[in-house]
Amino acid sequence: MTDNNDHPLPFTPLIIIGAGRSGTNALRDALTRLPGFATWPCDEINPIWRHGNLDWPNDEIPPERATPTVRRSIRRAFRRIWRQRGQPDFVVEKTCANALRVSFVDAVLPEARYIHIVRNGFDIVASARKRWRGELEVPGLPYYLAKARYAPLSDLPRYAVSALRNRLAIKLGRKEHFDSWGPRFAGLEALSDAPLDEIVARQWAACVNASDAAFAQTATSRVLELRYEDLTTDPAANLAGITSWLDAPLDEGVVRAAAAQVWATSVGKGQVVARTLSPECLIENELSEFSRL
């Protein structure tokens with residue numbers, strides 16, 4: 001089936017927007033345990049979003065780069081997974097880099113609804129810095145094969161070389177952390193010698209600020225803001241609220257079962273970070289300004 005850029009999609013793209021380690025995985029997994037909701041059988045689809053813009057220097061892709069060819073490619077990928085997953089009412093997608101390019105996403109998918117999930121910045125630093133150091137790594141080959149399955153073939157060699165170089169440097173002890181993990185924001189390269197906590201904090205702030213600015217220009221009926229702390233405190237109630245907002249309410253027992261695997265075990269761990277930040281990093285100021293407490 002060919003996709004006309006002006007032809008409406010026969011489902012609603014439900015796009016989760018959030019910085020890395022904001023709870024985007026937990027939210028996506030809970031939603032896709034509900035009937036009528038589906039997603040890709042892999043973690044993120046950044047290669048799909050970046051196809052045609054692979055040479056753009058970071059993930060802050062502007063909306064004018066959503067050319068007809070780029071739009072067609074991404075919309076075709078959404079249609080394909082919709083068919084493969086049984087034609088659900090909602091195709092859920094979460095790629096954290098989209099927090100930096102909401103307007104680009106909206107230019108591609110004007111039918112989309114958005115859930116903007118926001119988590120306390122100190123907790124983000126405590127969690128994300130482990131990923132930057134190569135900790136909490138998911139199992140290797142099956143994970144990357146699943147992602148590669150949905151990456152454009154022409155782009156695969158570039159992703160493979162980048163991933164291998166990044167991880168080898170850590171494994172061989174040449175670096176203490178990756179050159180890049182998660183959303184790549186403008187100015188990241190200039191922080192190459194900065195303390196890791198500063199890099200992580202500025203990455204989080206860039207994501208939250210960019211999404212806030214974009215959603216300020218988006219119809220409020222299309223955006224639901226959700227606090228990670230609220231989701232983990234009462235996941236069933238928040239999941240029910242989302243389905244009602246989508247005009248797709250479900251049986252209470254079904255929603256409760258879908259929410260059963262959402263826990264609050266990591267809430268508040270960032271307070272250790274708050275007590276140990278070095279003043280010269282200016283992290284406390286960065287997080288105090290944008291913590292959204």
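This is a predicted model: local features need pLDDT of at least 70, side-chain atom pairs count only at pLDDT 80 or more; totals for chains, interfaces and linings use all residues.
Q: At what angle do the axes of α10 and α11 cross?
A: Helix α10 covers residues 235-245 and helix α11 covers residues 252-259. Their axes come within 8 Å, and the crossing is right-handed. The two helices are therefore oblique to each other. The crossing angle is roughly 120°.

Q: Into which classes do the residues of the contact of α10 with α11 divide?
A: On the α10 side are Pro-235, Ala-236, Leu-239 and Ala-240. They meet Val-255, Arg-256, Ala-258 and Ala-259 in α11. The residues divide into seven nonpolar, no polar and one charged.

Q: Which strands stand at the edges of the sheet, and why is one side of each left without a neighbour?
A: The open sheet has five strands in the order β2-β3-β1-β4-β5, with parallel pairing. A strand with a single partner strand has one side left without a neighbour in the sheet, so the edge strands are β2 (37-38) and β5 (223-227).

Q: In β5, what is the bridge partner of Val-118?
A: Strand β4 takes in residues 113-118 and pairs with β5 in the parallel sense over five bridges. In β5, the bridge partner of Val-118 is Arg-227.

Q: Which strands does helix α8 lie across, and at about what angle does it run to β4?
A: Helix α8 spans residues 196-215. It lies across β1 (12-17), β4 and β5. Its angle to β4 is about 145°.

Q: How do the axes of α5 and α8 cross, and into which classes do the contact residues divide?
A: The axes of helix α5 (residues 121-132) and α8 come within 9 Å and cross at roughly 120°, which makes α5 oblique to α8. The crossing is right-handed. The contact includes Ile-124, Val-125 and Trp-132 of α5 and Leu-196, Ile-199 and Trp-204 of α8. Its residues divide into nine nonpolar, two polar and two charged.

Q: Is Ile-115 buried or exposed, and what is its relative accessible area?
A: Ile-115 is found in strand β4. Ile-115 is buried, with a relative accessible area of 0%.

How values were computed
Residues are numbered from 1 along each chain as its sequence is written. Side-chain values use heavy atoms; hydrogens and water are left out. Two strands pair if DSSP finds at least two bridges between them. Helices (H or I, at least four residues) and strands (E, at least two) are DSSP runs, numbered from the N terminus. Contact means heavy atoms within 4.5 Å. Axes are lines fitted to C-alpha atoms, for helices over the stretch in contact, and angles run from 0 to 180 degrees between N-to-C directions. Angles under 35 degrees count as roughly parallel, over 145 as roughly antiparallel, 65 to 115 as roughly perpendicular and the rest as oblique. A crossing is left-handed if the near helix is turned anticlockwise from the far one by less than a right angle, and right-handed if clockwise. Ala, Val, Leu, Ile, Met, Phe, Trp, Tyr, Cys and Pro count as nonpolar, Asp, Glu, Lys and Arg as charged, and the others, Gly among them, as polar. Buried means under 20% relative accessible area, exposed over 50%, partly exposed in between (1.4 Å probe, protein chains only).
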